[in-house]
Amino acid sequence: MKRVKLTVAYDGTNYCGWQVQPNGNTIEAELNRHLSELLGEEIRVIGASRTDAGVHALGNVAVFDTNARMPAEKISYAMNTRLPADIRIQCSEEAAPDFHPRFCETRKTYEYRICNRKFPNPCERLYSLFYYWKLDEKRMQQAADCLVGTHDFTSFCTNRPEVPDRVRTIYGITVERQGDMITIRITGNGFLYNMVRIITGTLLRVGSGMLEPEEMQRILEAKDRSRAGETARPEGLTLVKIEYL
């Protein structure tokens with residue numbers, strides 16, 4: 001028996017998220033099915049980040065156990081001939097038997113892309129949020145700086161009673177514009193449900209002038225979801241990488 005670690009990239013447009021669902025196809029279901037067929041045994045992967053429907057990834061991580069003799073590093077090549085074109089294994093390697101992708105100390109990096117122009121760009125519609133009001137990225141950066149550090153992020157998450165601890169550490173947030181595209185890049189030790197999308201929705205209010213940048217600090221301290229902005233749509237969000245420390 002060996003444990004294999006996968007680094008997985010995918011376009012989440014056509015999937016109901018990562019986690020297996022009763023009424024829709026998912027990234028996890030595709031991996032389970034094709035790994036089981038390839039290795040001739042029932043495989044169930046464990047994912048590091050259970051991304052939502054429509055969210056993309058360049059470097060999500062999953063593990064599974066197998067009795068198969070195929071070398072771990074060869075599994076990526078074999079799987080990429082079987083998987084649909086919108087899912088690709090970037091690396092497969094043997095991991096320690098006790099390695100668990102969700103219970104290790106990590107740094108996760110997400111990006112949220114905003115297409116900020118008068119009319120939508122159809123080539124960007126699946127990978128960014130279209131926002132036609134002019135956004136001031138400098139105001140957005142000023143507000144984002146308030147979130148760096150270790151805080152209770154209750155104001156920026158969808159409530160889940162099974163996750164009572166809402167303290168997380170944000171190592172850095174940048175808001176950068178290149179032409180019509182604004183990219184919010186955020187790195188932390190972990191993220192609550194919808195946390196990046198709610199932070200983005202609040203930054204949109206700041207960037208459009210509906211909120212002052214200093215209001216972000218008061219929203220954070222309030223620990224009240226109703227004080228923050230809307231949950232931004234999923235298609236602009238990409239899990240860029242997970243670093244194990």
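## Thr66 in strand E3

Thr66 sits in strand E3, which spans residues 56-66, in what is a predicted model. Its relative accessibility is 2%, and because buried means under 20%, Thr66 counts as buried.

What does the side chain of Thr66 make a polar contact with? The partner is the side chain of Glu41, at 2.2 Å.

## Helices H1 and H2

Two packed helices are described by the angle between their axes and the distance between the axes. For helix H1 (residues 27-39) and helix H2 (residues 72-80), the angle is about 110° and the axes are 11 Å apart. Angles of 65 to 115 degrees count as roughly perpendicular, so H1 and H2 are roughly perpendicular to each other.

On the H1 side, the contact is made by Leu31, His34, Leu35 and Leu38, while H2 brings Ile75, Ala78 and Met79. Sorted by class, the residues of this contact of H1 with H2 are six nonpolar, one polar and no charged.

## Helices H3 and H4

Now for another helix pair. Helix H3 (residues 137-144) packs with helix H4 (residues 195-207) at an angle of about 130°, and their axes are 8 Å apart. H3 and H4 are therefore oblique to each other, and H3 passes H4 in a right-handed crossing.

H3 makes this contact through Arg139, Met140, Ala143 and Ala144, and H4 through Leu203, Leu204, Val206 and Gly207. By class, the contact of H3 with H4 has six nonpolar residues, one polar and one charged.

How many of the eight residues of H3 are buried? Six of them are, and H3 is mostly covered. The buried residues are Glu137, Arg139, Met140, Gln141, Ala143 and Ala144. Their cover includes H4 and helix H5 (215-222), along with strand E5 (106-115), strand E8 (167-178) and strand E9 (181-188).

At the N-terminal end of H3, the cap is Asp136: one of its side-chain oxygens lies 2.9 Å from the backbone nitrogen of Lys138.

## Two strand residues: Arg113 and Gln178

Strands E5 and E8 are both part of the cover of H3, and each holds a residue to look at here. Arg113 lies in strand E5. With a relative accessible area of 22%, Arg113 is partly exposed. Its side chain is joined to that of Glu124 by a polar contact of 3.2 Å. Leaving aside neighbours within four places in sequence, Arg113 is in contact with Glu124, Tyr127, Ser128, Leu129, Met181, Ile182, Thr183 and Gly236. Arg113 and Leu237 are 124 residues apart in sequence, yet their C-alpha atoms are 6.7 Å apart in space.

Gln178 is found in strand E8. Is Gln178 buried or exposed? Its relative accessible area is 69%, and because exposed means over 50%, Gln178 is exposed. Along the chain, Gln178 and Asp165 are 13 residues apart, and their C-alpha atoms are separated by 36 Å.

Terms used
Residues are numbered from 1 along each chain as its sequence is written. This is a predicted model: local features need pLDDT of at least 70, side-chain atom pairs count only at pLDDT 80 or more; totals for chains, interfaces and linings use all residues. Side-chain values use heavy atoms; hydrogens and water are left out. Axes are lines fitted to C-alpha atoms, for helices over the stretch in contact, and angles run from 0 to 180 degrees between N-to-C directions. Helices (H or I, at least four residues) and strands (E, at least two) are DSSP runs, numbered from the N terminus. Angles under 35 degrees count as roughly parallel, over 145 as roughly antiparallel, 65 to 115 as roughly perpendicular and the rest as oblique. Contact means heavy atoms within 4.5 Å. Ala, Val, Leu, Ile, Met, Phe, Trp, Tyr, Cys and Pro count as nonpolar, Asp, Glu, Lys and Arg as charged, and the others, Gly among them, as polar. A crossing is left-handed if the near helix is turned anticlockwise from the far one by less than a right angle, and right-handed if clockwise. Buried means under 20% relative accessible area, exposed over 50%, partly exposed in between (1.4 Å probe, protein chains only). A polar contact is a pair of N or O atoms within 3.5 Å; within protein, one must be able to donate a hydrogen and the other to accept it, and residues adjacent in sequence count only if both atoms are side-chain atoms.
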